[in-house]
Amino acid sequence: MALTLGALILAGLAPASVAAASPDFPAKDSRFHNFPEMVAEIHAAEAAYPELVDVFSIGQSHQGREIWAAKISDNVAVDENEPEILFDSLHHAREHMTVEQTLYLLRVLTVDYATDPQVKALVDGREIFIIFAVNPDGFEYDLSATTGTHAPYRAWRKNRQPNAGSSYLGTDLNRNYGYRWGCCGGSSATKSANTYRGPTAWSAPETRAMRDFVASRVIDGRQQIKSHVTFHTNGELILWPYGYTKRNRPADMTVDDYNALVAFAKGQAGRNGYKAEQSSDLYITDGDQIDWMYGAYRIFSYTWELFPPETATVWGDHYPADEHIARQTARNRKALLFVIDVGACPYRWTGRTRTHCGPLFDDLEVNRGWVVNPDGTDTATAGAWERGNPDAISRSYQMTQMGTTTSGLAGLVTGRKVNGAASASDVDGGTTTVRSAPVVLGAGVGALQFRYYLAHQLGSSGADAFRAYVEDGTGARTLVLEELGGPEVDAAAWATARVAMTPWAGQTIRIVFEATDGDTDSLVEAGVDDVRIERP
Ligand SMILES: [Zn+2]
């Protein structure tokens, strides 16, 4: 039906019967798009710019409406190896300006493509996804009041999902995401509450659709979406994660990420006059989208609270007159294009382009596709590589497993404590191997850099080792670093390795790490963190 509607509009025919059947804005606010008008405009853009726009649904709402999305890029039908940027709107039903902001962005990226070199460069160099109304049931319900001072508006916020044992409907979709859901007093367990978080994380079909879409952008183990903005109203704010804590930088955020998240937010705010602050500076939220996007995937994720500034009434906050739409959406043009540009690698905004924006940047804080024992030929009987927070294990007063990483909470380590006991955790009986997901190298490529340690106790020998390899597209491995054991005690200490990668320029490669306990059983531990391939 939506496709037909788009075709009708392109043909200049008024789809009056369809529009009349759907809840609509009052005449004074007719410049706002209701749900069918929004759907028609998205499909009209696809019809007018088929090379640039692909419209699809990420799933259905509780009442069965489609959650519409568009991909905007050159060669839009092909999944190119380009950084991906995501925008979405209308988690909250009454926040109608957010739909206008996403439709405005769609127009900029399509209408201006032929005439604006910056827009063309960004559309050509990125894959941009827009999800237009995460909460379509609430969207329509909010326009359906027949009585009351503010009719047809209802000031509705949640989705329209029934709650067991209650006559109150709806879950706050922006409290239903699965990172630290319900942890910290930033949502409600009360079904009638506007911030009701649902009975479990992901209990709403709308958040599950978002979760599954974002998960679908993991290709070869790595999340392709680098940056994300979710539009809400109101307050003219740009919020960075986390919302669940007042701490500026809790343990689940690295120093480098904190610096880049803040600098990038301030860069955005400098372009639209909003105020940038940590999400929890507004108020504590838990189970919200940006905490999950960053916490689960390390996506640089922001909430934009759009026009108007805070008014202290729900009607003033969420129902500005439609005369404001054009100016208040266009006001964000520079900031939106800045997000698409710098969002490919926000570390750039902290001067870390060479080290942090190359073909591989892996702080090991989330799983980016490492596989243990990739060939099924490992001989180690204990102490296999795992990604995690290394335990502090010492023997004879010598640290054998570092209690720290070189960034954040996790690295690759050989066997952590088994049931809390250190005894069974070191490498035994042979070799354990871990291999990265493939990495595409350009014609110009900088060095491979990583942090590592090998620790061993008395009784070790040159048969014990830590080794690093580069594996080419044929599976052939080249040894690029080797540290052997020896009869002395060698406590764990982080060292830095640098390997020239020019021999593999233009190829698709993988990084392989090995730890070996050789001929006689001795105590061997190894660790790796912060694996990067730099720009030249
Ligand atoms: Zn909102």
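Analyst: Start with the aromatic rings. Trp370, Trp385, Phe450, Tyr452, Phe466 and Phe513 form one aromatic cluster. This is a predicted model, where local features need pLDDT of at least 70, side-chain atom pairs count only at pLDDT 80 or more, and totals for chains, interfaces and linings use all residues. Residues are numbered from 1 along each chain as its sequence is written, and side-chain values use heavy atoms, without hydrogens or water.

User: What makes two rings an aromatic pair?
Analyst: The rings of Phe, Tyr and Trp (its six-membered ring) pair if their centres lie within 6.5 Å. Planes under 30 degrees apart are stacked, over 60 edge-to-face, and the rest tilted. By this rule there are 32 aromatic pairs.

User: How do you know which kind of pair Trp292 and Tyr297 form?
Analyst: Their centres are 5.5 Å apart, with 90° between the planes. That angle is over 60, so the pair is edge-to-face. Both Trp292 and Tyr297 are buried.

User: What kind of pair do Phe338 and Trp349 form?
Analyst: Edge-to-face again: 4.9 Å centre to centre and 80° between the planes. Phe338 lies in helix α13 (residues 333–342), while Trp349 sits in the loop between α13 and α14 (353–356). The pair therefore ties together parts that are eleven residues apart in sequence. Helices here are DSSP runs (H or I, at least four residues), as are strands (E, at least two), numbered from the N terminus.

User: Why is Phe338 called buried?
Analyst: Buried means under 20% relative accessible area, exposed over 50%, and partly exposed in between (1.4 Å probe, protein chains only). Phe338 has 6% relative accessibility, so it counts as buried.

User: Is Trp349 buried, partly exposed or exposed?
Analyst: Its relative accessibility is 36%, so Trp349 is partly exposed.

User: Why is α13 described as largely enclosed?
Analyst: Seven of its ten residues are buried, so the rest of the structure largely encloses α13. The buried ones are Ala335, Leu336, Leu337, Phe338, Val339, Ile340 and Val342.

User: Which residues does α13 meet in α5?
Analyst: Arg333, Leu337, Ile340 and Asp341 of α13 meet Gln118, Val119 and Leu122 of α5. Contact means heavy atoms within 4.5 Å. By class, this contact has four nonpolar, one polar and two charged residues. Nonpolar covers Ala, Val, Leu, Ile, Met, Phe, Trp, Tyr, Cys and Pro; charged covers Asp, Glu, Lys and Arg; the others, Gly among them, are polar.

User: Why is α7 called roughly parallel to α10?
Analyst: The axes of α7 (residues 205–216) and α10 (residues 289–297) come within 12 Å and cross at roughly 30°. Angles under 35 degrees are roughly parallel, over 145 roughly antiparallel, 65 to 115 roughly perpendicular, and the rest oblique. That makes α7 roughly parallel to α10. Axes are lines fitted to C-alpha atoms, for helices over the stretch in contact, with angles from 0 to 180 degrees between N-to-C directions.

User: Which residues of α7 and α10 meet?
Analyst: Met210, Arg211, Val214 and Ala215 of α7 meet Gln289, Trp292, Met293 and Tyr297 of α10. Six of these residues are nonpolar, one is polar and one is charged.

User: Is Asp137 buried or exposed?
Analyst: Asp137 has 1% relative accessibility, so it is buried. It lies in helix α6 (residues 136–141). Beyond neighbours within four places in sequence, Asp137 contacts Ser61, His62, Gln63, Arg65, Arg160 and Glu206.

User: How do you know that Asp29 is buried?
Analyst: Its relative accessibility is 2%, so Asp29 counts as buried. Asp29 is in the loop between α2 (16–21) and α3 (35–48). Leaving aside neighbours within four places in sequence, Asp29 touches Tyr153, Pro320, Ala321 and Asp322.

User: What makes Val524 buried?
Analyst: Its relative accessible area is 0%, so the buried label applies. Val524 belongs to strand β24 (residues 524–533). Not counting residues up to four places away in sequence, its contacts are Asp426, Val427, Leu454, Ala455, Asp464, Thr516 and Asp517.

User: What is the phi of Leu364?
Analyst: Leu364 has a positive phi of about 65° although it is not a glycine. Most residues other than glycine have a negative phi. Leu364 lies in the loop between β11 (360–362) and β12 (371–372). At 0% relative accessible area, it is buried.
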